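Let's take a quick tour of a protein model. Have a look at it first, then read on.

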Amino acid sequence: MNVLVVGNGGREHALAWSLSRSEAIERVICAPGNGGTATLSKCENRAVGVEDFAGIRQIAKDEAIALVVVGPEVPLALGLADDLRAHDIKVFGPGRSGARLEASKGWAKELMAEARVPTARGAVFEDPQAAKDYIQKTPVVLKADGLAAGKGVMVASTGEMAHEAIEAIARGDFGSGNCRIVVEEFLLGQEASILALTDGQTIRPLIPAQDHKPIGESDSGQNTGGMGAYAPTPVVTPELAGRIQGEILEPTLATLQKRGIDYRGVIYAGLMISPEGDPKVLEFNCRFGDPETQPILSLLETPLEELLLACCDRRLAEMPPIQWKPGVSVCVVLVSGGYPGSYEKGKVITGIEAAEATGAVVFHGGTRRENGQLLTDGGRVLGVTAAGEDVKSAIVNAYRAVDCINFEGMYCRRDIGFRIRSL
């Protein structure tokens, strides 16, 4: 079959890479793709943007596409999956109503309350002064209500910092239409990412991962779209996984059903696991996580297209248990100098062949090819992913590959997996 992957980041490269490895897949077309998907076996790029619904439909028609996989949240929030289904095109991804899980943190909080899903206490405000008056103690978490590319969450340790964050959201720093303010209690613990596949009736989690959002080591500095991840994480024990299924995933899906929402895609639950071992939802996303997808899919044994098609056809319950390779996979993200603030593009990238010669897979997040050279074309440039028999060996293998790569201004965190390195 032929498959179309919508998007141009590291997540989409990982999806295309995983799909292309299946004997059942003849071609993978990426719209628009990046410098990595351009040279991937069985894969080709098309210069069609993620918001060009007509262009995406035309590719699906012209290339006899059997399945469209939507990577980013923006086209989902705009209704791409609805548009494709209306034209009888099979698509993996929720419609616009389901994508509100990510597109509006306030809406998601209301749904969690209805579903009795454990989450941080908080409130949503239109008025900045009302948000400031609500805060009685710090630290506190401030969020822009809508889509903010993973950067709209701020932890304020003082009242002054909280007020500055509220003013930044209110004046439109995270988008002119994204000025509602979510104020939440600060939760202690370890974060975990649960990416679960659902056909709207059944929901099955993939192996648990742990992301590293802040730019600086030891989780310091500004939040980013993600500086690295590993999977599976021992933070989520088998017992805890059962609780997450019963207390979070299933009630969330049941409440979506109750609201008449046909959700076929990924429900990504970003969790905080308390020191006592209790899970609470920090956020929901409506798509595969980036960079969690990279280590998760590198360990997936079951053909990815079989799982995605089962979700599209509402037969996930009929599928056998998902099979995984043994070991642990780690992804280290290499970013442009200045990210998550302003940064320059067009820097020459070298060393990827040497990195992959070590056994790693280098997923491209923000790259392009020009005049035979590979150049930087975004903030998060590459996701260097390597496996090992345990976390420690996977970390060593990942950084061995990282040290082969270079571009001007390149930065990465050197402590991915730091919370469990002592295990």
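Start with a pair of residues: Ile29 stands opposite Glu44 in strand 3. Keep in mind that this is a predicted model, where local features need pLDDT of at least 70, side-chain atom pairs count only at pLDDT 80 or more, and totals for chains, interfaces and linings use all residues. Residues are numbered from 1 along each chain as its sequence is written, and side-chain values use heavy atoms, with hydrogens and water left out.

**The sheet**
- Strands here are DSSP runs of E with at least two residues, and helices are runs of H or I with at least four residues, both numbered from the N terminus.
- There's an open sheet of 5 strands in the order 3-2-1-4-5, with parallel pairing.
- At the edges sit strand 3 (43–45) and strand 5 (91–92), each pairing on one side only; two strands pair if DSSP finds at least two bridges between them.
- Strand 2 (residues 27–32) and strand 3 run parallel and are joined by 3 bridges.

- You'll find Val91 in strand 5.
- Val91 is buried, with a relative accessible area of 2% (buried means under 20%, with a 1.4 Å probe and protein chains only).
- Not counting residues up to four places away in sequence, Val91 touches Leu67, Val68, Val70, Ala81, Leu84, Arg85 and Cys312 (contact means heavy atoms within 4.5 Å).
- Val70 is 21 residues away along the chain, yet its C-alpha atom and that of Val91 are separated by 7.5 Å.

**Helix 1**
- Why is helix 1 (residues 10–20) largely enclosed by the rest of the structure? Because 11 of its 11 residues are buried.
- Among them are Trp17, Leu15 and Arg11.

**Nonpolar cores**
- A nonpolar core is a set of buried Ala, Val, Leu, Ile, Met, Phe, Trp, Tyr and Cys residues joined through side-chain atoms within 4.5 Å.
- The largest one has 75 residues, and Leu4, Val68, Leu101, Val332, Leu334 and Ile405 have the most contacts inside it.
- Helix 13 (residues 391–402) gives this core its largest share, 7 residues.
- A second, separate core of 39 residues includes Phe288, Ile296, Leu299 and Met319.
- Setting aside neighbours within four places in sequence, Leu101 is in contact with residues including Trp107, Leu256 and Phe284.

Key. Buried < 20%, exposed > 50% of the residue type's maximum accessible area, 1.4 Å probe, protein only.
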